Structure formats: structure tokens, C-alpha cells
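Please keep the structure at hand while reading.

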Amino acid sequence: MDIWQLNIFCKVIESKSFSKAGNIVHLSQPTISSHIKDLEAHFECRLIDRLSKEAIPTKAGELLYEYARKLIALKEETEAAIAEFHGNLKGRLVIGGSTIPGAYILPRMVGLFVGSYPDVTTAIRIGDTEEIIADIAEGLLEIGVVGAKTGLKQIHQEPILADKLCLITPSDHPWAKTGEITLSMLKTAPFIVRETGSGTRKSIEMNLDRVAMDISQLNLVAEMGSTAAVIQGIKERIGLSILSRIAVADALAGGILSAVAIRGLSLKRHFYLTCHRRKTLSPLSRAFIEFLKKRITLWPAPSDD
């Protein structure tokens, strides 16, 4: 067993495919299969089942995947630390991002960072807020940017970017012309909600709670697992939803969707830079945090229109 085999194993689990994992690491499918067989021989148990067209970890495989991710993260951290010792900043940096930071904010910041440090490679791991925070708590990620605060004592968070949520409708919806509705009107509209664990949903629930209202009082017609899916649902007239202006900026600018205010309901929030309170950050993570804090102001502030 070596780190390279564990890396291949993780790619198979994450892509649910031997062939896709091969494409990622530039190896043939038979070579991928050979490495997995070597791991299974080493641990004397089956690690992956082929169900239908997907590669699914067995219980032993799930356990190995958990430890393999930690070993790979530690390897990358070690290489970065030695590179810093030699006066270089290089290595691989993995950054966690909840849906909106991961899709709309971090790619831009990572692009600028890599432009300044060409010997650094990066990856953005996208999940909902709870998933990213859990990975940081377990040591699988060093840093992340998420859309809600957590009560976990081992997690340190600081606000890094302001955001504004708005009710989003098709541009030809009657409410789009008024620009503002009441809470009573909101209860009547078919509403699409993000999944439990989403930072956007947590922010909506928290702000509704401030006006003595529960999300269950809305006319919920669908629950969707990503902001992109919700946006498509609005376009297809499944329902309306409350979303980040950052996420829908292009659709608003193009006149496809409209943002509507809700009278008496403040929907401002922040995105939070998140790390483990008791873990010493690697040189790469420290450099990215410093870089991010200096340049996040390049992102346009949310409009109050």
C-alpha cells in the first residue's frame, strides 16, 4: 500500500467509476483495477462493489476512504511545509466551499492566487455548509468558505464577504413589476427550498424566525440540492425562491429573472472564512487566507435595489 494507490482508490470512490478515475489520473482502466486489487489483497477484504454501472465502496471501503483522505491531506500539508522551509510556496491546496462561495466566489479568488503563485495547484471541494464544516472538524479540509455560522466549538469562523438574499421570480411575474411584497403574499406563492444543511436555507430560517415565522408556513412545492437547480426551477415556473444576489447576478442582468424585496424581512448575511480552532494551518492555507483577505474586496458589494 502506498499514498498513490490510496489516491487512486479515492478517485474511484469519488467518481463512482474505474474509467472516470483513470481519466482523472491518466491511467488505463486495467491499471486502475490492478491498483484496487493490490489494496484489497493488502487489507484482505473487498473494498469496492460494482453495482450496475457504478463503483460503490463496501463498509470496509468506506472506512478506508475516511482514513485515506486524511493521509492524503497530511501528505500535501507536509510537502507544503517543506517547500516553505526551502523558501518556496508550492504544493496542492484544497479549499472547501459551500454552494455559492464554491461556484461563484472561490474560482475567481483561486485564479488570482494561482496567478501569483504558479507552483501551487488548487482544488475546490464543493458541498453544503454542514458538509464543509464537518470535513474541517474531522481534519479532511483545512479551510473553507461557507454561508452560515456553526455552533461547533472547535470551529473558528470570521465574516469575509457580505451577501444579500432576495425573492427571485421570472422577469414577467406580476410581483417583478411591484418590486416588493408582504410576508402574507410570500405565504401564498409556490416556493422552492434548498436542502437541509444549506447555508442559504439556514439564513432564510434564521431571518424568518426574527419575524415569528417558520419556513413550514410557506407553500413548499419542491426541495432542491443546489442553487443551480433552484434557479432552473424558477425559470421552469415550478415556484419562486429566496436566493443570493451573487448567484443570480447574470440572470438578473440579462433580464431573465427579477429580484423582489419582502417588506419587513431583512435578508442580509455573510459568508464565513472557516477553519479548525486548534489546528495549525499549513503555509499554503495561511498564504491563501492572507491573499483572500486582501483581495475579496474586489468582489462587488450586494445591491440594495
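## A charge over a ring

Over the ring of which residue does the charged end of K70 sit? The charged end of K70 sits over the ring of Y67, 5.4 Å from the ring centre. A charge is taken to sit over a ring if NZ of Lys or CZ of Arg is within 6 Å of the ring centre and within 35 degrees of the ring normal. R50 provides another case, with its charged end over the ring of F18 at 4.0 Å from the centre.

## Basis of the report

The model is predicted: local features need pLDDT of at least 70, side-chain atom pairs count only at pLDDT 80 or more, and totals for chains, interfaces and linings use all residues. Residues are numbered from 1 along each chain as its sequence is written, and side-chain values use heavy atoms, with hydrogens and water left out.

## Salt bridges

Side chains of opposite charge can pair when their charged atoms come close. The whole structure contains 15 salt bridges, a salt bridge being a side-chain nitrogen of Lys or Arg within 4 Å of a carboxyl oxygen of Asp or Glu. K70 takes part in one of them, meeting E66 at 3.9 Å, N to O. Both residues lie in helix α4 (residues 59–85), four residues apart, about one turn of the helix. Helices (H or I, at least four residues) and strands (E, at least two) are DSSP runs, numbered from the N terminus. K70 is partly exposed at 30% relative accessibility, and E66 is partly exposed at 34%; here buried means under 20% relative accessible area, exposed over 50%, and partly exposed in between (1.4 Å probe, protein chains only).

E76 and R92 form a further salt bridge (2.8 Å, N to O). Because E76 lies in helix α4 and R92 in strand β3 (residues 91–97), this pair ties together parts that are 16 residues apart in sequence. E76 is buried, with a relative accessible area of 12%, whereas R92 is partly exposed at 35%. In the bridge between K202 and E130, the closest N and O atoms are 3.4 Å apart. K202 belongs to helix α9 (residues 199–209) and E130 to helix α6 (residues 129–137), so the pair ties together parts 72 residues apart in sequence. R201, E205 and E223 are linked in a network of salt bridges.

## Aromatic pairs

There are three aromatic pairs. Rings of Phe, Tyr and Trp (its six-membered ring) pair if their centres lie within 6.5 Å; planes under 30 degrees apart count as stacked, over 60 as edge-to-face and the rest as tilted. F113 and Y117 form a tilted pair, 4.9 Å centre to centre with 45° between the planes. The rings of F113 and F291 have centres 5.3 Å apart and planes at 75°, so this pair is edge-to-face. F113 lies in helix α5 and F291 in helix α12 (residues 283–295), so the pair ties together parts 178 residues apart in sequence.

F113 is buried at 0% relative accessibility, and F291 is buried at 5%. Ring pairs link F113, Y117, F288 and F291 into a cluster.

## Cysteines

The structure has zero disulfides, a disulfide being a pair of cysteine sulfur atoms within 2.5 Å. The sulfur of C45 is 15 Å from the closest cysteine sulfur, in C10, too far for a bond.
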